[in-house]
Amino acid sequence: MTSIGYQTFSGCSGLTSVTIPNSVTSIEDLAFSGCSGLISVTIPNSVTSIGYGVFSGCSGLTSVTIPNSVTSIGSSAFSGCSSLTSVTIPNSVTSIDNYAFRGCSGLTSVTIPNNVTSIDDYAFYGCSGLNSVVIGGGVETIWNHAFANCPDLTDVTCYAEKVPFTQRNVFEGSYIEYATLHVPTASIDAYKTTVPWSSFKTFMGLDGTLPDTPDPELPKCATPIISYGGKKLTFSCETEGVEYVYEIKDSDIRKGYESEVSLTATYEISVYATKPGYENSDIATATLVWGSANFTETTGTTSARPLTLDVPMLIMSQGGVVTIEGANDGERITVYSINGTQAGSAISKDGSAVINSNLQPGNVAIIRIGQKSVKMMVK
């Protein structure tokens with residue numbers, strides 16, 4: 001036997017282990033896809049390529065070692081292997097195709113070897129447990145969403161002296177604004193002024209001797225101001241010519257199995273400003289919610305009737321001060337701590353209210369506006 005053909009063992013959910021003989025040189029598309037009970041697999045050194053979706057959906061697979069004979073990892077090769085906790089990618093590999101490890105939520109670290117020149121679209125998308133990535137010095141391009149939606153990512157090392165050509169959304173949803181980037185010492189400035197690498201919070205040289213210290217001569221972008229009107233969010237900044245990097249999360253986006261779902265119509269917004277030659281601004285956050293407001297609708301020349309409409313309200317916090325825009329005039333707004341203790345209140349005037357709460361940044365607050373309650377993090 002020299003090859004394992006297309007979909008040979010696809011869907012064999014009771015299969016727990018496989019030993020592939022040394023005569024096999026190729027494993028073709030979807031050969032073991034959907035083998036959810038497969039825990040271990042031994043790939044011999046004779047194999048030179050792993051095709052499309054070969055182990056996709058093998059949710060029980062815990063570890064895999066790819067031999068030095070393999071030169072390419074095909075599209076979706078290990079996609080959905082949610083139990084995969086470790087993978088060894090050999091130096092012989094030159095490319096990691098799109099979706100190769102998408103949704104491998106058990107992976108905590110990954111090392112891309114020096115001979116890899118391209119990391120394709122969505123290669124490690126949704127690896128929610130991934131906290132450490134090492135990118136070899138040979139990487140020249142990183143494509144769309146390659147490391148997106150990896151919220152635990154805290155440490156990235158890139159050995160490339162020349163900043164790789166990188167799509168802007170590579171780290172989208174991975175909170176790199178709180179992460180550390182290790183790069184060649186001589187290349188720190190290049191990474192700091194190139195999007196999206198410029199969004200990392202901390203930069204450090206590979207020799208470990210140059211942790212990022214703000215340049216006293218380097219100006220800092222002003223913190224953006226968030227506003228809402230005309231069904232549009234608007235960001236503004238006192239620093240001219242900046243680019244805004246924002247993220248919006250909808251709390252209603254979820255997966256579940258219940259028969260009823262309560263919709264909150266709540267959006268969490270975060271944004272910061274970046275500009276070449278400037279230090280990134282602080283992150284501005286806001287919560288956009290919809291509440292009920294009463295109006296009087298004229299139905300004729302002399303008659304009117306009450307009308308209730310949903311109106312947007314923008315909630316922001318800074319240094320423990322909570323600001324609400326868009327509330328009903330005369331409406332009491334109260335801030336509570338997570339344990340139910342009142343932390344401040346105010347009456348809305350001209351559609352806005354400012355509450356000096358006694359909550360510290362990092363505390364969770366519950367904002368009560370009429371019949372609406374909103375949970376948010378105090379900044």
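## Phe235 and Tyr244

Phe235 is buried, with a relative accessible area of 18%. Buried means under 20%, exposed means over 50%, and partly exposed lies in between (1.4 Å probe, protein chains only). Tyr244 is partly exposed, at 26% relative accessibility. This is a predicted model: local features need pLDDT of at least 70, side-chain atom pairs count only at pLDDT 80 or more, and totals for chains, interfaces and linings use all residues. Residues are numbered from 1 along each chain as its sequence is written, and side-chain values use heavy atoms, with hydrogens and water left out.

## Aromatic pairs

The structure holds 16 aromatic pairs. Rings of Phe, Tyr and Trp (its six-membered ring) pair if their centres lie within 6.5 Å; planes under 30 degrees apart are stacked, over 60 edge-to-face, and the rest tilted. Trp143 and Phe165 are edge-to-face, because their ring centres are 5.7 Å apart and their planes stand at 65 degrees. Trp143 sits in the loop between β13 (141-142) and β14 (155-158), and Phe165 in strand β15 (residues 165-166), so the pair ties together parts 22 residues apart in sequence. Strands (E, at least two residues) are DSSP runs, numbered from the N terminus. Trp143 is partly exposed, with a relative accessible area of 29%. Phe165 is partly exposed too, at 47%.

Phe235 and Tyr244 make a tilted pair, because their ring centres are 5.9 Å apart and their planes are at 45 degrees. There is also an aromatic cluster, whose members include Phe9, Phe32, Tyr191, Trp197 and Phe200.

Thr157 is found in strand β14. Thr157 is buried, with a relative accessible area of 10%. Not counting residues up to four places away in sequence, Thr157 touches Val133, Val134, Ile135, His182 and Leu206. Contact means heavy atoms within 4.5 Å.

Thr334 lies in strand β25 (residues 332-337). Thr334 is buried, at 7% relative accessible area. Neighbours within four places in sequence aside, Thr334 is in contact with Gln342, Gly344, Ser345, Ile366, Ile367 and Arg368.

## A nonpolar surface patch

Tyr246, Ile248 and Tyr267 form a nonpolar patch on the surface. Together they have about 290 Å² of accessible area, by the Shrake-Rupley method with a 1.4 Å probe, where only the protein chains shown count as cover for residues. Patch residues have over 30% relative accessible area and no salt bridge; like charges are joined within 9 Å, nonpolar side chains (Val, Leu, Ile, Met, Phe, Trp, Tyr) within 5 Å. A salt bridge is a side-chain nitrogen of Lys or Arg within 4 Å of a carboxyl oxygen of Asp or Glu. Tyr246 is found in strand β20 (residues 243-250).

Definitions and conventions
Helix = DSSP H or I, 4+ residues; strand = E, 2+ residues; numbered from the N terminus.
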